[in-house]
Amino acid sequence: MTEHTPAAEAADAVDAIAAQWFAVRPDLDTAPMAVFGRIYRIAKTMGDAMERTYNRYGISRGEFDVVATLRRSGAPYTLSPRQLSATLMLTTGGMTGRLDKLEKAGLLCRNPDPHDRRGLQVTITDRGLALIDEAVTAGLEVQRAALTGLDDAEVAVLTGLLRKLLAGAP
């Protein structure tokens, strides 16, 4: 991260929305709107940027998540469809569609589970392993670039605050 010099923060679209609410409803405390409005906008902006990045590798964000989950599971990079669904919070139907596309692209393969005759195991292929290693590196570069306005200490504080906020979310 780069060194950040504190300066007067420029007003943004969320400030404008809060000001409009204040003009018509001065009794409202719009502090939560200021936080979550920015979180939503960052999530949308970064989600779109990540989608564009992963599209360069022929995969969507959702497909990236499947292959990345297999990759970070460690050798032999194998999980059951049920484990993948649980990790990614997807229905089994949604997972099946992703697995079909990724298998057709040669990024993973499905094989019978040797411990369960009715089960399958999903394993990343060598091609999938190479692709995900490139894609995750490219994605981290995009994310790192988005943080260039913050120094390392600010990134650490922001990370801690977001972790705390997430832990308290309903």
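**A guided tour of the predicted model**

Begin by selecting helix α2, which contributes the most to the lining of the largest pocket, with 12 residues. The structure in view is a predicted model. The space in this largest pocket comes to about 1,600 Å³. Select next I42, M46, L147, L158 and L162, which are the closest to its centre among the 35 lining residues. Colour α1 (13-24), α2 (31-55), α3 (61-72), α6 (126-146) and α7 (152-167) to see the elements that each give two or more residues to the lining.

The tour now turns to charged side chains. Side chains of opposite charge can pair when their charged atoms come close. The structure holds 9 salt bridges. K44 is exposed, at 51% relative accessibility, while D48 is partly exposed, at 32%.

Select E63 and K101 next; their side chains form a salt bridge at 3.1 Å, N to O. This pair joins distant parts of the chain, with E63 in helix α3 and K101 in helix α5 (residues 92-104). E63 is buried, with a relative accessible area of 7%, whereas K101 is partly exposed at 46%.

Finally, select D113 in strand β2 (residues 108-113).

Note on methods:
Residues numbered from 1 in each chain as written. Predicted model: local features only at pLDDT ≥ 70, side-chain atom pairs only at ≥ 80, totals over all residues. Heavy atoms only, no water. Helix = DSSP H or I, 4+ residues; strand = E, 2+ residues; numbered from the N terminus. 1 Å grid on protein atoms, 1.4 Å probe; cavity = no way out; pocket = protein on both sides within 12 Å on 5 of 7 lines; lining within 4 Å. Points joined across faces, edges and corners; volume = space filled by probe spheres on them. Salt bridge = Lys/Arg side-chain N within 4 Å of Asp/Glu carboxyl O. Buried < 20%, exposed > 50% of the residue type's maximum accessible area, 1.4 Å probe, protein only.
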